Amino acid sequence: MRDPYSILGVQRDAGNDEIKAAWRTKAKSVHPDANRDDPDATARFAEIGQAYDLLKDPKKRGLYDQARQAAENKRRDQTIMQQRQAAREAAERAKAAEKLMEELARAEARNRATAGQKADGTVEAAEDVVERIFGAQAQNDPKVQQAAAEAAKATAAKSEATPPSEAASPSLNEDKTEATVSLASNLFGALVRRFLPNQPALEKAPDITAEATVSVADLLDRKWITLLLPEDREVRFQLEPGMTDGHVVRLKGQGLKLPNMARGDLSITLLAARDDAFSIRGYDIHTTLPVSLSDAVLGCETTVQTPRGEETVAIPAWSGSDKMLRLEGKGLPDGNGGFGDFVVELRILLLEKPDDKVTDLMRHMREGLYL
(Lines give C-alpha, C1' and ligand atoms only; values in the text may rest on other atoms or scores of the structure.)
Protein backbone atom coordinates (compact mmCIF):
# COMPACT_ATOMS: atom_id res chain seq x y z
CA MET A 1 0.00 0.00 0.00
CA ARG A 2 1.21 3.47 -0.87
CA ASP A 3 1.49 6.23 1.71
CA PRO A 4 -2.14 6.83 2.88
CA TYR A 5 -1.46 10.55 3.42
CA SER A 6 -0.38 10.98 -0.20
CA ILE A 7 -3.36 8.92 -1.41
CA LEU A 8 -5.80 11.30 0.31
CA GLY A 9 -3.63 14.37 -0.38
CA VAL A 10 -3.38 15.55 3.25
CA GLN A 11 -0.50 16.54 5.52
CA ARG A 12 0.75 14.19 8.22
CA ASP A 13 -0.63 16.45 10.96
CA ALA A 14 -4.10 16.67 9.41
CA GLY A 15 -7.06 16.38 11.77
CA ASN A 16 -9.88 13.85 11.55
CA ASP A 17 -12.29 16.32 9.94
CA GLU A 18 -9.78 17.23 7.24
CA ILE A 19 -9.04 13.56 6.54
CA LYS A 20 -12.77 12.75 6.31
CA ALA A 21 -13.41 15.68 3.95
CA ALA A 22 -10.49 14.66 1.74
CA TRP A 23 -11.77 11.07 1.63
CA ARG A 24 -15.26 12.18 0.60
CA THR A 25 -13.88 14.39 -2.17
CA LYS A 26 -11.55 11.72 -3.51
CA ALA A 27 -14.12 8.93 -3.24
CA LYS A 28 -16.73 10.98 -5.09
CA SER A 29 -14.35 11.82 -7.93
CA VAL A 30 -13.16 8.23 -8.52
CA HIS A 31 -16.36 6.34 -7.71
CA PRO A 32 -16.86 3.51 -10.25
CA ASP A 33 -20.43 4.63 -11.00
CA ALA A 34 -19.10 8.02 -12.12
CA ASN A 35 -16.19 6.53 -14.08
CA ARG A 36 -17.68 3.61 -15.99
CA ASP A 37 -15.14 3.97 -18.81
CA ASP A 38 -12.16 3.79 -16.44
CA PRO A 39 -11.13 0.15 -15.78
CA ASP A 40 -8.93 1.27 -12.85
CA ALA A 41 -11.68 3.18 -11.04
CA THR A 42 -12.63 0.26 -8.79
CA ALA A 43 -9.03 -0.33 -7.68
CA ARG A 44 -8.43 3.37 -7.00
CA PHE A 45 -11.71 3.65 -5.11
CA ALA A 46 -10.72 0.65 -2.96
CA GLU A 47 -7.28 2.16 -2.33
CA ILE A 48 -8.82 5.44 -1.14
CA GLY A 49 -11.17 3.51 1.13
CA GLN A 50 -8.32 1.52 2.67
CA ALA A 51 -6.26 4.68 3.21
CA TYR A 52 -9.20 6.32 5.00
CA ASP A 53 -9.84 3.17 7.02
CA LEU A 54 -6.24 3.31 8.27
CA LEU A 55 -6.13 7.04 9.06
CA LYS A 56 -9.57 7.40 10.66
CA ASP A 57 -8.67 4.85 13.34
CA PRO A 58 -6.34 6.50 15.88
CA LYS A 59 -4.78 3.17 16.82
CA LYS A 60 -4.04 2.11 13.24
CA ARG A 61 -2.82 5.59 12.34
CA GLY A 62 -0.52 5.66 15.36
CA LEU A 63 0.97 2.29 14.47
CA TYR A 64 1.57 3.39 10.89
CA ASP A 65 3.17 6.69 11.94
CA GLN A 66 5.39 4.90 14.44
CA ALA A 67 6.46 2.30 11.89
CA ARG A 68 7.24 4.92 9.26
CA GLN A 69 9.20 7.09 11.72
CA ALA A 70 11.08 4.03 12.94
CA ALA A 71 11.98 3.14 9.35
CA GLU A 72 13.31 6.65 8.67
CA ASN A 73 15.31 6.67 11.91
CA LYS A 74 16.68 3.23 11.16
CA ARG A 75 17.74 4.24 7.66
CA ARG A 76 19.57 7.27 9.03
CA ASP A 77 21.21 5.27 11.81
CA GLN A 78 22.20 2.52 9.39
CA THR A 79 24.01 5.03 7.19
CA ILE A 80 26.10 6.21 10.14
CA MET A 81 26.65 2.68 11.39
CA GLN A 82 27.66 1.48 7.93
CA GLN A 83 30.29 4.20 7.71
CA ARG A 84 31.69 3.29 11.10
CA GLN A 85 31.54 -0.41 10.31
CA ALA A 86 33.36 0.12 7.03
CA ALA A 87 36.14 1.98 8.85
CA ARG A 88 36.42 -0.80 11.46
CA GLU A 89 36.49 -3.50 8.78
CA ALA A 90 39.18 -1.66 6.84
CA ALA A 91 41.33 -1.44 9.97
CA GLU A 92 40.74 -5.11 10.75
CA ARG A 93 41.60 -6.15 7.20
CA ALA A 94 44.77 -4.09 7.26
CA LYS A 95 45.83 -5.67 10.54
CA ALA A 96 44.98 -9.13 9.25
CA ALA A 97 46.85 -8.50 5.99
CA GLU A 98 49.93 -7.38 7.94
CA LYS A 99 49.81 -10.58 9.99
CA LEU A 100 49.33 -12.55 6.79
CA MET A 101 52.36 -10.99 5.12
CA GLU A 102 54.53 -11.71 8.12
CA GLU A 103 53.47 -15.34 8.13
CA LEU A 104 54.02 -15.63 4.39
CA ALA A 105 57.50 -14.23 4.76
CA ARG A 106 58.29 -16.85 7.38
CA ALA A 107 56.79 -19.59 5.19
CA GLU A 108 58.83 -18.34 2.23
CA ALA A 109 62.01 -18.47 4.29
CA ARG A 110 61.25 -22.02 5.38
CA ASN A 111 60.50 -23.07 1.84
CA ARG A 112 63.79 -21.62 0.58
CA ALA A 113 65.72 -23.35 3.34
CA THR A 114 64.24 -26.70 2.31
CA ALA A 115 64.35 -26.04 -1.44
CA GLY A 116 60.62 -25.26 -1.32
CA GLN A 117 59.52 -28.72 -0.28
CA LYS A 118 58.66 -30.78 2.77
CA ALA A 119 60.10 -34.19 3.51
CA ASP A 120 57.32 -35.88 1.55
CA GLY A 121 58.00 -33.67 -1.48
CA THR A 122 54.97 -31.29 -1.14
CA VAL A 123 54.86 -27.57 -0.49
CA GLU A 124 53.22 -26.50 2.81
CA ALA A 125 49.45 -26.52 2.31
CA ALA A 126 47.27 -23.45 2.88
CA GLU A 127 45.18 -25.45 5.36
CA ASP A 128 48.25 -26.04 7.52
CA VAL A 129 49.05 -22.33 7.62
CA VAL A 130 45.41 -21.45 8.41
CA GLU A 131 45.40 -23.96 11.25
CA ARG A 132 48.77 -22.67 12.52
CA ILE A 133 47.55 -19.03 12.55
CA PHE A 134 43.83 -19.31 13.47
CA GLY A 135 43.33 -22.84 14.83
CA ALA A 136 41.92 -26.09 13.48
CA GLN A 137 38.30 -24.86 13.11
CA ALA A 138 39.15 -22.23 10.50
CA GLN A 139 40.44 -24.67 7.87
CA ASN A 140 37.21 -26.75 8.10
CA ASP A 141 34.92 -23.75 7.50
CA PRO A 142 33.14 -24.25 4.10
CA LYS A 143 32.98 -20.48 3.64
CA VAL A 144 36.76 -20.33 4.00
CA GLN A 145 37.19 -23.04 1.37
CA GLN A 146 34.85 -21.25 -1.07
CA ALA A 147 36.64 -17.94 -0.54
CA ALA A 148 39.98 -19.68 -1.08
CA ALA A 149 38.91 -21.11 -4.43
CA GLU A 150 37.61 -17.75 -5.68
CA ALA A 151 40.63 -15.83 -4.46
CA ALA A 152 43.08 -18.32 -5.99
CA LYS A 153 41.61 -17.76 -9.47
CA ALA A 154 41.78 -13.97 -9.11
CA THR A 155 45.44 -13.95 -8.07
CA ALA A 156 46.89 -16.75 -10.19
CA ALA A 157 48.16 -14.22 -12.75
CA LYS A 158 50.45 -12.64 -10.17
CA SER A 159 52.84 -15.60 -10.36
CA GLU A 160 54.26 -14.31 -13.65
CA ALA A 161 55.67 -11.18 -11.94
CA THR A 162 58.30 -13.03 -9.82
CA PRO A 163 61.83 -12.97 -11.36
CA PRO A 164 63.27 -16.46 -11.96
CA SER A 165 66.63 -15.43 -10.44
CA GLU A 166 65.28 -15.83 -6.90
CA ALA A 167 65.20 -19.64 -7.11
CA ALA A 168 67.76 -22.35 -7.58
CA SER A 169 66.20 -23.36 -10.92
CA PRO A 170 63.37 -21.97 -13.15
CA SER A 171 61.08 -24.98 -12.60
CA LEU A 172 61.59 -24.95 -8.83
CA ASN A 173 61.02 -21.20 -8.67
CA GLU A 174 57.80 -21.52 -10.72
CA ASP A 175 56.34 -24.17 -8.38
CA LYS A 176 57.33 -22.20 -5.28
CA THR A 177 55.86 -18.93 -6.60
CA GLU A 178 52.58 -20.59 -7.55
CA ALA A 179 52.32 -22.21 -4.11
CA THR A 180 53.06 -18.91 -2.35
CA VAL A 181 50.49 -16.96 -4.39
CA SER A 182 47.85 -19.66 -3.85
CA LEU A 183 48.60 -19.67 -0.12
CA ALA A 184 48.22 -15.88 0.04
CA SER A 185 44.92 -16.04 -1.88
CA ASN A 186 43.47 -18.73 0.36
CA LEU A 187 44.44 -17.04 3.58
CA PHE A 188 43.24 -13.60 2.50
CA GLY A 189 39.87 -15.02 1.42
CA ALA A 190 39.53 -16.77 4.76
CA LEU A 191 40.31 -13.55 6.63
CA VAL A 192 37.68 -11.60 4.66
CA ARG A 193 35.03 -14.22 5.52
CA ARG A 194 35.98 -14.23 9.19
CA PHE A 195 35.72 -10.46 9.58
CA LEU A 196 32.41 -9.94 7.74
CA PRO A 197 29.60 -9.41 10.31
CA ASN A 198 26.25 -11.18 10.12
CA GLN A 199 23.46 -8.98 8.78
CA PRO A 200 20.71 -8.36 11.38
CA ALA A 201 17.16 -9.38 10.51
CA LEU A 202 14.92 -6.55 9.28
CA GLU A 203 12.12 -5.30 11.50
CA LYS A 204 8.64 -6.25 10.33
CA ALA A 205 6.14 -3.69 9.06
CA PRO A 206 2.62 -3.66 10.60
CA ASP A 207 0.07 -6.16 9.27
CA ILE A 208 -3.01 -5.08 7.33
CA THR A 209 -6.48 -6.57 7.67
CA ALA A 210 -9.22 -7.45 5.19
CA GLU A 211 -12.49 -9.37 5.07
CA ALA A 212 -13.74 -12.05 2.69
CA THR A 213 -17.38 -13.16 2.44
CA VAL A 214 -17.83 -16.88 1.82
CA SER A 215 -20.82 -19.17 1.58
CA VAL A 216 -21.37 -22.53 3.23
CA ALA A 217 -20.89 -24.19 -0.18
CA ASP A 218 -17.52 -22.43 -0.56
CA LEU A 219 -16.34 -23.86 2.76
CA LEU A 220 -17.60 -27.38 2.00
CA ASP A 221 -16.07 -27.40 -1.49
CA ARG A 222 -12.78 -25.83 -0.27
CA LYS A 223 -12.86 -23.28 -3.04
CA TRP A 224 -10.15 -20.77 -3.93
CA ILE A 225 -11.01 -17.22 -2.88
CA THR A 226 -9.75 -14.19 -4.79
CA LEU A 227 -9.49 -10.91 -2.88
CA LEU A 228 -8.95 -7.56 -4.61
CA LEU A 229 -6.55 -5.24 -2.81
CA PRO A 230 -5.49 -1.66 -3.56
CA GLU A 231 -2.85 -0.95 -6.20
CA ASP A 232 -4.51 -3.46 -8.57
CA ARG A 233 -3.20 -6.34 -6.49
CA GLU A 234 -5.02 -9.64 -6.09
CA VAL A 235 -4.38 -12.38 -3.56
CA ARG A 236 -5.74 -15.92 -3.74
CA PHE A 237 -6.01 -18.52 -1.03
CA GLN A 238 -7.80 -21.83 -0.65
CA LEU A 239 -10.37 -22.61 2.02
CA GLU A 240 -9.23 -25.52 4.15
CA PRO A 241 -10.76 -27.84 6.78
CA GLY A 242 -11.02 -26.08 10.13
CA MET A 243 -12.04 -22.74 8.61
CA THR A 244 -15.40 -21.32 9.65
CA ASP A 245 -17.21 -18.03 10.21
CA GLY A 246 -14.81 -15.58 11.89
CA HIS A 247 -11.69 -17.61 11.08
CA VAL A 248 -8.60 -15.47 10.38
CA VAL A 249 -6.39 -16.45 7.45
CA ARG A 250 -2.85 -15.05 7.66
CA LEU A 251 -0.90 -14.66 4.41
CA LYS A 252 2.80 -14.15 5.09
CA GLY A 253 4.52 -11.26 3.34
CA GLN A 254 1.32 -9.89 1.72
CA GLY A 255 0.82 -6.92 4.06
CA LEU A 256 2.13 -3.38 4.42
CA LYS A 257 5.38 -2.56 2.64
CA LEU A 258 7.68 0.10 4.12
CA PRO A 259 11.26 1.09 3.19
CA ASN A 260 14.01 -0.93 4.89
CA MET A 261 11.51 -3.14 6.72
CA ALA A 262 10.37 -6.71 6.18
CA ARG A 263 6.92 -6.79 4.62
CA GLY A 264 4.03 -7.37 7.02
CA ASP A 265 1.32 -10.02 6.76
CA LEU A 266 -2.23 -9.86 5.45
CA SER A 267 -4.89 -11.03 7.93
CA ILE A 268 -8.18 -11.96 6.27
CA THR A 269 -11.29 -12.56 8.41
CA LEU A 270 -13.82 -14.96 6.88
CA LEU A 271 -17.45 -13.83 7.10
CA ALA A 272 -20.27 -16.25 6.30
CA ALA A 273 -22.77 -14.86 3.78
CA ARG A 274 -25.75 -13.42 5.67
CA ASP A 275 -28.18 -13.84 2.78
CA ASP A 276 -27.53 -17.56 2.61
CA ALA A 277 -30.23 -20.12 3.44
CA PHE A 278 -27.83 -21.51 6.02
CA SER A 279 -25.96 -20.01 8.94
CA ILE A 280 -22.79 -21.18 10.69
CA ARG A 281 -22.13 -21.56 14.40
CA GLY A 282 -18.71 -23.02 14.97
CA TYR A 283 -18.62 -26.05 12.70
CA ASP A 284 -22.39 -26.64 12.81
CA ILE A 285 -24.58 -25.59 9.88
CA HIS A 286 -28.00 -24.25 10.90
CA THR A 287 -31.20 -23.87 8.93
CA THR A 288 -34.86 -23.25 9.81
CA LEU A 289 -37.80 -25.51 8.93
CA PRO A 290 -41.37 -24.16 9.06
CA VAL A 291 -43.93 -26.69 10.31
CA SER A 292 -47.67 -26.45 10.75
CA LEU A 293 -49.33 -26.51 14.14
CA SER A 294 -50.81 -29.94 13.50
CA ASP A 295 -47.44 -31.43 12.48
CA ALA A 296 -45.81 -29.91 15.55
CA VAL A 297 -48.47 -31.41 17.83
CA LEU A 298 -48.86 -34.79 16.18
CA GLY A 299 -45.36 -35.27 14.73
CA CYS A 300 -44.47 -36.27 11.17
CA GLU A 301 -41.70 -37.05 8.71
CA THR A 302 -40.62 -34.40 6.19
CA THR A 303 -37.68 -33.39 4.02
CA VAL A 304 -35.25 -30.53 4.60
CA GLN A 305 -32.84 -28.93 2.17
CA THR A 306 -29.11 -29.18 3.05
CA PRO A 307 -26.02 -27.90 1.15
CA ARG A 308 -25.58 -31.48 -0.17
CA GLY A 309 -29.21 -32.10 -1.14
CA GLU A 310 -32.42 -33.16 0.61
CA GLU A 311 -32.49 -35.14 3.87
CA THR A 312 -35.44 -36.80 5.63
CA VAL A 313 -36.07 -35.79 9.23
CA ALA A 314 -38.56 -37.04 11.80
CA ILE A 315 -40.36 -34.37 13.82
CA PRO A 316 -41.40 -35.75 17.22
CA ALA A 317 -44.89 -35.07 18.54
CA TRP A 318 -45.29 -31.95 20.65
CA SER A 319 -42.27 -30.18 19.13
CA GLY A 320 -42.13 -26.48 19.86
CA SER A 321 -40.29 -23.70 18.08
CA ASP A 322 -37.31 -24.18 20.39
CA LYS A 323 -36.84 -27.75 19.14
CA MET A 324 -33.61 -28.52 17.26
CA LEU A 325 -33.06 -31.65 15.18
CA ARG A 326 -29.43 -32.70 14.58
CA LEU A 327 -28.03 -34.62 11.63
CA GLU A 328 -24.66 -35.69 12.98
CA GLY A 329 -21.56 -35.35 10.81
CA LYS A 330 -23.33 -33.24 8.16
CA GLY A 331 -21.62 -29.97 9.08
CA LEU A 332 -18.23 -28.38 8.32
CA PRO A 333 -14.92 -30.25 8.70
CA ASP A 334 -13.20 -29.21 11.92
CA GLY A 335 -9.65 -29.77 10.67
CA ASN A 336 -9.03 -32.69 13.03
CA GLY A 337 -10.77 -35.38 11.00
CA GLY A 338 -14.22 -34.70 12.45
CA PHE A 339 -17.29 -32.81 11.27
CA GLY A 340 -19.88 -30.58 12.82
CA ASP A 341 -23.63 -31.27 12.67
CA PHE A 342 -26.44 -30.05 10.46
CA VAL A 343 -28.96 -28.46 12.83
CA VAL A 344 -32.64 -27.98 11.89
CA GLU A 345 -34.47 -25.33 13.93
CA LEU A 346 -38.27 -25.75 13.89
CA ARG A 347 -40.54 -22.74 13.36
CA ILE A 348 -44.29 -23.28 13.94
CA LEU A 349 -46.51 -21.54 11.40
CA LEU A 350 -50.22 -20.82 11.59
CA LEU A 351 -52.57 -21.39 8.69
CA GLU A 352 -52.69 -18.65 6.10
CA LYS A 353 -56.41 -18.08 6.86
CA PRO A 354 -58.07 -18.26 10.29
CA ASP A 355 -59.74 -21.58 11.08
CA ASP A 356 -62.82 -21.49 13.29
CA LYS A 357 -62.22 -24.91 14.82
CA VAL A 358 -58.64 -24.11 15.76
CA THR A 359 -59.71 -20.73 17.14
CA ASP A 360 -62.46 -22.28 19.30
CA LEU A 361 -60.09 -24.97 20.58
CA MET A 362 -57.47 -22.44 21.61
CA ARG A 363 -60.12 -20.26 23.33
CA HIS A 364 -61.49 -23.19 25.29
CA MET A 365 -57.97 -24.29 26.33
CA ARG A 366 -57.06 -20.80 27.51
CA GLU A 367 -60.31 -20.12 29.38
CA GLY A 368 -60.62 -23.64 30.80
CA LEU A 369 -63.88 -24.44 29.04
CA TYR A 370 -64.02 -28.04 27.84
CA LEU A 371 -66.85 -29.51 25.78
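Predicted model: local features only at pLDDT ≥ 70, side-chain atom pairs only at ≥ 80, totals over all residues.
Which residues does Leu266 touch, not counting residues up to four places away in sequence? With contact meaning heavy atoms within 4.5 Å, Leu266 touches Ile208, Thr209, Ala210, Leu229, Val235, Val249, Arg250, Leu251, Gln254 and Gly255.

Residues are numbered from 1 along each chain as its sequence is written, and side-chain values use heavy atoms, with hydrogens and water left out.

Leu266 also belongs to the largest nonpolar core, which has 55 residues; such a core is a set of buried Ala, Val, Leu, Ile, Met, Phe, Trp, Tyr and Cys residues joined through side-chain atoms within 4.5 Å. Leu8, Phe237, Leu239, Leu266, Ile268 and Leu270 touch the most other members, and helix H3, residues 41-56, gives the most to this core, with five residues. Helices here are DSSP runs of H or I with at least four residues, and strands are runs of E with at least two, numbered from the N terminus.

Turning to helix H2, residues 16-30, we find Ile19, Ala22, Ala27 and Val30 buried, where buried means under 20% relative accessible area, exposed over 50%, and partly exposed in between, with a 1.4 Å probe and protein chains only. These four cover an arc of only 125° around the axis, so they lie on the same side of H2, the arc being that of the directions from the helix axis to the C-beta atoms. The face turned away from that buried side carries the exposed residues Asp17, Arg24, Thr25 and Lys28.
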